[in-house]
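Here are my notes on the model you sent. They begin with the chain as a whole and then turn to one helix pair.

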Amino acid sequence: MTAVVRRSLLDDLAASMLGLIADRKLAVGDQFESVRSLAERFRVAVPTVREALRRLEAIGALELRHGSGVYVGPNVGRLVLANPLALTPSADRLVELLQARALIEPPVAALAAKARSEAALVQMEQDLEQAAELIASGDHDRLAEINMDFHRALAQASGNATLAEVVESVTVVNVREQLEILHIHGDRETDLAEHHAILAAVRAGDDVLAEQLTRAHLDGVLAVINDRVNP
């Protein structure tokens, strides 16, 4: 019973800290209150404050800088986060992850063609330029990372922050294993050409084509992986 009460206290304390950040309209990188000040404010022990802060640090909502203090982290306003402690998945679990992406990302691409957030479109163009250079240089590890960045930028182009967070979460979780999948997929030139076609459809505002191309792209990857995992 004590453990349950303690978890509840830490959850409430962490939520109160996030509420304080919101009330003060603090932005990413802004300095937050000191540990001692927070302990006095919420009338709890310093070790309890530190434990709540570590929880928030684990999800990227806060950063604890040794000798400097507590700062607002990049994930402070997020609604959706990948599990940072996800276990290494089985082959079947990776297939399920790709199936989820194949269901989620095509409609998001359609939204991107309607919203066309310029900053995200510029990022997609830069990703494709880097991808072409990396194919030429043979840096396939970095290429796989850039390809994942392209998909995240595509979601950001939708203008829907929550959907962008969902897509980022499913591309970040078990990222090492997903990058291995991209190595297995293998046809880097085709992958680049498909990404160019998706960007062109989004740029043109063709939501139907953007959705179709994204679905075909991910279904193609999924088919290859299914053949390898379940021959």
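1. A contact here means heavy atoms within 4.5 Å. On that basis, among contacts in the protein between residues at least 6 apart in sequence, 69% join residues at least 24 apart. Please keep in mind that the model is predicted.

2. The secondary structure comprises ten helices and two strands. Read from the N terminus, the order of elements is α-α-α-β-β-α-α-α-α-α-α-α.

3. On burial and surface: the protein has 231 residues, of which 38% count as buried.

4. Two packed helices are described by the angle between their axes and the distance between the axes. For helix H5 (residues 118-137) and helix H6 (residues 140-156), the packing angle is about 165° and the axes lie 9 Å apart. Angles over 145 degrees count as roughly antiparallel, so H5 and H6 are roughly antiparallel to each other. Their crossing is left-handed.

5. Which residues make the contact between these two helices? H5 contributes Ala120, Gln123, Met124, Asp127, Leu128, Gln130, Ala131, Leu134 and Ile135. From H6 come Arg142, Leu143, Ile146, Asn147, Asp149, Phe150, Ala153, Leu154 and Gln156.

6. By residue type, the contact of H5 with H6 consists of eleven nonpolar, four polar and three charged residues.

Methods: Residues numbered from 1 in each chain as written. Predicted model: local features only at pLDDT ≥ 70, side-chain atom pairs only at ≥ 80, totals over all residues. Heavy atoms only, no water. Helix = DSSP H or I, 4+ residues; strand = E, 2+ residues; numbered from the N terminus. Buried < 20%, exposed > 50% of the residue type's maximum accessible area, 1.4 Å probe, protein only. Axes fitted to C-alpha atoms, helices over the stretch in contact; angles between N-to-C directions. Parallel < 35°, antiparallel > 145°, perpendicular 65-115°, else oblique. Left-handed = near helix turned anticlockwise from the far one by under 90°. Nonpolar A, V, L, I, M, F, W, Y, C, P; charged D, E, K, R; others polar.
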